[in-house]
Amino acid sequence: MSTTPAAPAVPGSTNLDPAIAARLKRTEDGLVPAVAQQYDTGEVLMLGWMDDEALHRTLTTGRCTYWSRSRNEYWVKGDTSGHVQQVKSVALDCDGDTVLVKVDQTGAACHTGDRTCFDADVLPITGPVAR
């Protein structure tokens with residue numbers, strides 16, 4: 001974990017390319033959701049949050065950096081667990097309010113030790129299922 005401020009970076013106060021920053025639609029606290037997806041299988045791994053600085057670090061280091069809302073600090077996925085996310089590509093959705101990060105995941109993506117954050121609690125579908 002790195003030394004960080006107690007709040008997400010103010011838009012425009014980081015080294016994120018201004019053209020990218022201008023396209024982001026952030027929450028009130030300056031964050032955008034970031035979906036991590038296994039690049040070669042399409043498996044959805046996890047959802048994290050990024051501010052401008054976390055996105056800048058992700059784009060320039062090749063490792064996923066997120067803003068922890070519970071700890072109020074940046075964290076680089078895998079620095080403590082060894083479960084590294086090597087960035088393969090980063091894309092904004094059509095509205096600019098979500099980031100898709102395609103990664104090569106080493107080990108578990110979820111803090112519980114599961115491969116993905118969506119493995120443990122599959123909800124039952126009670127209505128018609130489209131085929």
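A few notes before the views. This is a predicted model, in which local features need pLDDT of at least 70 and side-chain atom pairs count only at pLDDT 80 or more, while totals for chains, interfaces and linings use all residues. Residues are numbered from 1 along each chain as its sequence is written, and side-chain values use heavy atoms, with hydrogens and water left out.

**View 1**
Strand 1 and strand 6 run parallel and are joined by five bridges. Two strands pair here if DSSP finds at least two bridges between them; strands (E, at least two residues) and helices (H or I, at least four) are DSSP runs, numbered from the N terminus.

**View 1. The largest nonpolar core, a set of 22 residues.**
L45, M50, L55, C64, Y66, V99 and V101 touch the most other members of this core. At least two residues each come from strand 1 (32-38), strand 2 (44-50), helix 2 (52-61), strand 3 (65-68) and strand 6 (99-105). Strand 2 gives the most, with four residues. A nonpolar core is a set of buried Ala, Val, Leu, Ile, Met, Phe, Trp, Tyr and Cys residues joined through side-chain atoms within 4.5 Å. In soluble globular proteins, nonpolar side chains tend to be buried together.

**View 2. C64 and its contacts.**
Leaving aside residues up to four places away in sequence, C64 touches T58, W75, V76, K77, Q85, V87, V101 and V103. Contact means heavy atoms within 4.5 Å.

**View 3. T65, a residue of strand 3.**
T65 counts as buried because its relative accessible area is 2% (buried means under 20%, exposed over 50%, and partly exposed in between, with a 1.4 Å probe and protein chains only). Apart from residues up to four places away in sequence, T65 touches M50, A54, R57, T58, Y74, W75 and V76. G78 is 13 residues from T65 along the chain, and their C-alpha atoms are separated by 9.6 Å.

**View 4. H56, a residue of helix 2.**
With a relative accessible area of 17%, H56 is buried. Its contacts, not counting residues up to four places away in sequence, are N15 and L16. The side chain of H56 reaches the backbone oxygen of N15 at 3.4 Å.

**View 5. D93 and D95, in the loop between strand 5 and strand 6.**
UniProt places the feature "binding site" (unreviewed entry) at D93, D95 and D97; such annotations may be inferred rather than shown by experiment, their feature names are shortened, and their positions are given in the numbering used here. D93 counts as partly exposed because its relative accessibility is 28%. D95, at 41%, is also partly exposed. D95 touches R23 and K25, not counting residues up to four places away in sequence.

Technical notes. Polar contact = N/O pair within 3.5 Å; in protein donor to acceptor, adjacent residues only side chain to side chain.
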